Amino acid sequence: MRDFERQLKDYRLTTAEITYRMPDYPNILQSYIWQELDLSPDFPELSDFLDFWESHLDGRLHSVTVMHAELIHPSEFHHFKGEFSLH
């Protein structure tokens, strides 16, 4: 129920592809996918996660690509002029 309440407060599903350098092999890039409900455009949850990453993990960040989508949105109604039934 907590996630549903957050969506009603404009939180949206956010996916981030985090590319980072391997600690032992800095020339090699590795990818990590992070997904959580977050607020656009500031993304406080993602920012907190990236702050944690930089302060506690060894892999240096290279880039972050962010995508987000609405999970709850108004229904779409389509009006039509006729109805056909087939047997």
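1. In this predicted model, ring pairs link Tyr 20, Tyr 32, Trp 34, Phe 49 and Trp 53 into a cluster. The structure holds five aromatic pairs, and two of them, both involving Trp 53, are described in the next two points.

2. Tyr 32 and Trp 53 have ring centres 5.8 Å apart and planes at 55°, so this pair is classed as tilted.

3. Phe 49 and Trp 53 make an edge-to-face pair, with 6.0 Å from centre to centre and 70° between the planes. Because they are four residues apart in helix α2, about one helical turn separates Phe 49 from Trp 53. Both Phe 49 and Trp 53 are buried.

4. The strands to which these contacts can be related form an open sheet of three, in the order β2-β1-β3, and the pairing is antiparallel. Strands β2 and β3 (61-69) stand at the edges with a single partner strand each, so one side of each has no neighbour in the sheet. On average, and with direction ignored, neighbouring strands of the sheet are turned by 15° against each other.

5. Within this sheet, strand β1 (residues 12-21) pairs with β3 in the antiparallel sense over eight bridges, and Ile 18 stands opposite Val 64 in β3. Helix α2 lies across β1, β2 and β3, and runs at about 145° to β2.

6. Turning to charged side chains, a search of the whole structure finds three salt bridges. In one of them the side chains of Glu 36 and Arg 6 meet, at 3.6 Å from N to O. Glu 36 lies in strand β2 (residues 29-38) and Arg 6 in helix α1 (residues 2-8), so the pair ties together parts that are 30 residues apart in sequence. At 30% relative accessibility Glu 36 counts as partly exposed, while Arg 6, at 10%, counts as buried.

7. Arg 6 also meets Glu 45 in a salt bridge, with an N to O distance of 3.5 Å. This pair, too, links distant parts of the chain, with Arg 6 in helix α1 and Glu 45 in helix α2 (residues 44-56), 39 residues apart. Glu 45 counts as partly exposed, at 30% relative accessibility. A further contact of the arginine is with an aromatic ring: Arg 6 lies over the face of Tyr 11, at 4.5 Å from the ring centre.

8. Another salt bridge is formed by Asp 10 and Arg 12, whose closest N and O atoms are 3.4 Å apart. Asp 10 is partly exposed, with a relative accessible area of 48%, whereas Arg 12 is buried, with a relative accessible area of 14%.

Key
Residues are numbered from 1 along each chain as its sequence is written. This is a predicted model: local features need pLDDT of at least 70, side-chain atom pairs count only at pLDDT 80 or more; totals for chains, interfaces and linings use all residues. Side-chain values use heavy atoms; hydrogens and water are left out. A salt bridge is a side-chain nitrogen of Lys or Arg within 4 Å of a carboxyl oxygen of Asp or Glu. Helices (H or I, at least four residues) and strands (E, at least two) are DSSP runs, numbered from the N terminus. Buried means under 20% relative accessible area, exposed over 50%, partly exposed in between (1.4 Å probe, protein chains only). Two strands pair if DSSP finds at least two bridges between them. Axes are lines fitted to C-alpha atoms, for helices over the stretch in contact, and angles run from 0 to 180 degrees between N-to-C directions. Contact means heavy atoms within 4.5 Å. Rings of Phe, Tyr and Trp (its six-membered ring) pair if their centres lie within 6.5 Å; planes under 30 degrees apart count as stacked, over 60 as edge-to-face and the rest as tilted. A charge sits over a ring if NZ of Lys or CZ of Arg is within 6 Å of the ring centre and within 35 degrees of the ring normal.
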